[in-house]
Amino acid sequence: MSNETDTATSNTTMKGPVLVLGASGSIGRHVVAQSLEAGFETRALVRDPGQVSLFPEGAEVVVGDPTDAGVLAEALDGTTGVVFTQGTYSDADAEQANYWPVKAVLDALKAPARIALMTALGVTKPTPGHDWKRRGERLVRASGLPYTIVRPGWFDYNEPDEQRLVLRQGDTHWAGNSSDGVVSRKQIAQTLIASLTSEAADHKTFELVAEKGGAQADLDLLFAALQSDADLDGPLDRDNLPLDAEPQDFLGDLDAIRNRF
Ligand SMILES: NC(=O)c1ccc[n+]([C@@H]2O[C@H](COP(=O)([O-])OP(=O)(O)OC[C@H]3O[C@@H](n4cnc5c(N)ncnc54)[C@H](OP(=O)(O)O)[C@@H]3O)[C@@H](O)[C@H]2O)c1
């Protein structure tokens with residue numbers, strides 16, 4: 001199977017199914033559609049049986065909670081790629097939505113898979129919601145799996161002539177409004193899917209925005225220009241979430257996942 005999206009990447013194959021978490025969401029639905037278009041066997045994991053009809057023909061749908069071991073055994077069977085797009089805007093359920101599914105999937109994987117994790121531009125600005133997204137990022141980086149972490153700007157706030165993707169590092173924009181950067185949902189999904197088969201995207205974390213200009217044909221060039229992650233954070237991230245002040249449960253999760261693969 002080859003990647004046949006209109007965005008070129010190095011043409012590594014995705015041999016098994018791609019599982020999409022948060023598949024019912026505003027990004028997840030684009031990811032499912034684009035994964036199918038790329039020629040990947042595609043599974044959507046949803047919590048509500050009423051969401052089965054959301055997806056194009058060809059998508060497999062698994063219904064259940066993404067932290068349930070039995071559900072994940074079915075959803076992850078043979079999987080070679082996982083895209084996380086689930087999440088919440090609320091601090092109240094941030095741990096449950098932003099973190100638990102990441103931990104549960106990494107725990108449940110029986111063989112290595114390529115990971116694409118969507119968090120958010122501004123994730124290093126401390127808030128309960130951001131911190132749980134950042135802990136999910138840290139688990140992925142510690143796992144020993146190949147991965148890409150995409151931190152998108154404001155969804156669909158781009159003007160029609162803002163299609164030129166800009167990949168930033170260091171999470172330098174903290175205004176908390178669309179002046180931080182904007183990008184279309186479609187291009188977020190495209191980037192997540194392209195990363196799965198790109199060697200140049202492995203072990204990279206970046207903020208994703210779009211500026212005035214046309215879309216690039218080759219995302220590999222953009223991925224290749226980035227610094228790789230060396231440790232638990234993005235390479236230029238502010239060092240403002242010290243491990244020795246992190247919750248004990250999270251530190252236990254981190255120890256358990258380290259070099260599991
Ligand atoms: N809007 C922006 O500009 C922007 C920019 C950057 C990042 N983000 C981040 O993007 C994330 C998703 O936003 P969205 O607009 O796509 O939201 P959305 O359309 O509401 O989708 C959220 C998805 O997450 C799932 N979900 C929610 N809580 C969950 C839980 N406890 N366990 C498992 N899955 C859960 C939902 O599943 P159900 O259908 O089952 O509820 C749904 O599939 C948010 O975390 C947000 O911070 C947003």
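Predicted model: local features only at pLDDT ≥ 70, side-chain atom pairs only at ≥ 80, totals over all residues.
Residues are numbered from 1 along each chain as its sequence is written, and side-chain values use heavy atoms, with hydrogens and water left out.

**Stop 1: strand S4.** Select 81-84, which is strand S4; strands here are DSSP E runs of at least two residues, helices are H or I runs of at least four, and both are numbered from the N terminus. Both faces of S4 are covered, with Gly-81 and Val-83 buried on one side and Val-82 and Phe-84 buried on the other. Buried means under 20% relative accessible area, exposed over 50%, and partly exposed in between, using a 1.4 Å probe and protein chains only.

S1 pairs with S4 in the parallel sense over four bridges (pairing takes at least two DSSP bridges), and Leu-19 has Val-82 as its bridge partner. S5, residues 114-118, also runs parallel to S4, joined by four bridges; there, Val-83 is partnered with Ala-116. Follow the chain from S4 through helix H3 (residues 94-108) to S5 and you trace a right-handed β-α-β crossover: with the strands pointing away from you, the path from the first strand over the helix to the second runs clockwise.

**Stop 2: helix H1.** Select 28-37 and colour the buried residues Gly-28, Val-31, Val-32, Gln-34 and Ser-35. They pack against S1, S2, S4 and helix H5, where contact means heavy atoms within 4.5 Å. Just past H1, check Gly-39, with its positive phi of about 90 degrees.

**Stop 3: the ligand.** Show what surrounds it: 22 residues, the closest being Ser-24, Ser-26, Tyr-89, Lys-133 and Phe-155, counting any residue with a heavy atom within 4 Å. Polar side-chain atoms reach ligand oxygen atoms from Ser-24 at 2.6 Å and from Arg-47 at 2.9 Å. A polar backbone atom of Phe-155 lies 2.7 Å from an oxygen atom of the ligand. The protein covers 78% of the 920 Å² of accessible area that the ligand has on its own (Shrake-Rupley method, 1.4 Å probe).

**Stop 4: Arg-164.** Finish in strand S8, residues 164-168. A polar atom of the Arg-164 side chain lies 3.1 Å from the backbone oxygen of Lys-212.

Notes:
Polar contact = N/O pair within 3.5 Å; in protein donor to acceptor, adjacent residues only side chain to side chain.
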